[in-house]
Amino acid sequence: MNGDRPLFVGAKPGAWLRPFVVAVIIWLPLCFGAWYYLSPLLSQWLAMLTEAVLPRLFPAVIAGIETMGPGLDVVTKLVPSGAPGQGVGELLFEINPLKYSFSLPLYTALVLAVPIDEDWKKLFGWLLGVMVLSAGQVFGIGAEILKVLSFNLGEEARPLLGFSPWQHEAVALCYHFGSLILPSVLPVMLWLGQFGLGLIEPESPS
């Protein structure tokens, strides 16, 4: 058997599909359970990545990103109304990263169910996929932070962001894309590119 070729090569076209679906159904609850249990650690990872980007891009308004359990606290440089002179970082708001990071257990279940006979290739592909998914999660979290600053705290934060009207509209579009589309579509597209297309073998001519 050739290395990373699917286990079902030479079988009837589509023979891999049923055992693959069964394996995904088995792995999904296990992966989601591990993801929920480890969510505080995943939140710290996402907080570190987000803090490496957003405070540097918007130093006038974002002081830092902190973790509180599974949630992310965004520390701003805005002072709450009626509380002048109380210092930097008085105004905080919370982001729930779980609605972005659920792409990880979905992707992991798909990878674990792939019928190839070299596990190290699945592991390497999974690690690469985690990096891509992490970038997508940071994009979604960053878009939500900018959405809150632009629209929920608009009167105080908008001048500090320095966005033009079309850029505020772009923030809204990025927020919807990053929260509604990317978390569910990216892991599937990533899996297809890495493993899925290799499972579809052309039927040999008789």
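Which helix gives the most to the lining of the largest cavity? I opened my notebook with that one.

**Ground rules.** I am working with a predicted model, where local features need pLDDT of at least 70, side-chain atom pairs count only at pLDDT 80 or more, and totals for chains, interfaces and linings use all residues. Residues are numbered from 1 along each chain as its sequence is written, and side-chain values use heavy atoms, without hydrogens and water.

**The cavity.** I looked for cavities (sets of points on a 1 Å grid over the protein atoms alone where a 1.4 Å probe fits but cannot get out). I found 1 cavity of 30 Å³ or more. About 50 Å³ of space lies in the largest cavity, a volume being the space filled by probe spheres set on the points.

**Its lining.** Lining residues have an atom within 4 Å of a point; I noted Tyr100, Ser103, Leu133, Gly136, Gln137, Gly178, Leu182, Pro183 and Leu186. My opening answer is α8, with 4 residues; helices are DSSP runs (H or I, at least four residues), numbered from the N terminus. Both α6 (119-152) and α8 (165-199) supply at least two residues each.

**The surface.** Next I looked up a nonpolar patch of about 560 Å², made by Phe139, Phe177, Leu180, Ile181, Val185 and Met189. Areas come from the Shrake-Rupley method with a 1.4 Å probe. Helix α8 brings the largest share of the patch, 5 residues.

Definitions and conventions. On a 1 Å grid over the protein atoms alone, a cavity is a set of points where a 1.4 Å probe fits but cannot get out, and a pocket is an open set with protein on both sides within 12 Å along at least five of seven lines; lining residues have an atom within 4 Å of a point. Patches are made of residues with over 30% relative accessible area and no salt bridge: like charges are joined within 9 Å, nonpolar side chains (Val, Leu, Ile, Met, Phe, Trp, Tyr) within 5 Å. A salt bridge is a side-chain nitrogen of Lys or Arg within 4 Å of a carboxyl oxygen of Asp or Glu.
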